[in-house]
Amino acid sequence: MRGQDTGTAAPPAVAQQPPLTGRVHYLLGGTLPPTYNAWISRDLTGPGWRMRQAARPFVLMLPFAVIFALLPGGAVVRAATVAFLLVAGAGLGFATSGFFRNRRLEQHGFPPVFPPHDEEDDE
């Protein structure tokens, strides 16, 4: 039976995941090599993309929240500052997730999901 098509499809290719250093570089806005395009495409267009995009500013805000939590001052003031930073990071992440998804798609050579909005067309 060697060489004959049995009619079964090949299993889908598993997307190669970048190493931890590559993921950190990607998280900070860097471009990954084309070998990770399947992983990038799934990250930016697959289920849960909005949550992953919104989590990025939140994660980037964490070191600042820790620093502000360790500064001297009243516990209530420090807690409010930390809460504000984390809520603002998450809110900005959700508000800008579509824009940054398109930017990251174009950065890696994919077409944008939503066409860019040109404000001159409104006038």
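**Helices, packing and surface in a predicted model**

Me: Where does L20 lie?
Reply: L20 lies in helix α1, which spans residues 20-27, a helix being a DSSP run of H or I of at least four residues, numbered from the N terminus. This is a predicted model, in which local features need pLDDT of at least 70 and side-chain atom pairs count only at pLDDT 80 or more, while totals for chains, interfaces and linings use all residues. Residues are numbered from 1 along each chain as its sequence is written, and side-chain values use heavy atoms, with hydrogens and water left out.

Me: Why is L20 called exposed?
Reply: Exposed means over 50% relative accessible area, buried under 20% and partly exposed in between, with a 1.4 Å probe and protein chains only; L20 has 61% relative accessibility, and therefore counts as exposed.

Me: Why are α2 and α3 called roughly perpendicular?
Reply: Helix α2 (residues 37-45) and helix α3 (residues 49-70) pack at about 95°, with their axes 6 Å apart; angles of 65 to 115 degrees count as roughly perpendicular, under 35 as roughly parallel, over 145 as roughly antiparallel and the rest as oblique, so α2 and α3 are roughly perpendicular to each other. Their contact (heavy atoms within 4.5 Å) is made by R42, D43, L44 and T45 of α2 and W49, R52, Q53 and R56 of α3.

Me: How many helices does the chain have?
Reply: The chain has four helices and zero strands, in the pattern α-α-α-α.

Terms used:
Helix = DSSP H or I, 4+ residues; strand = E, 2+ residues; numbered from the N terminus. Axes fitted to C-alpha atoms, helices over the stretch in contact; angles between N-to-C directions.
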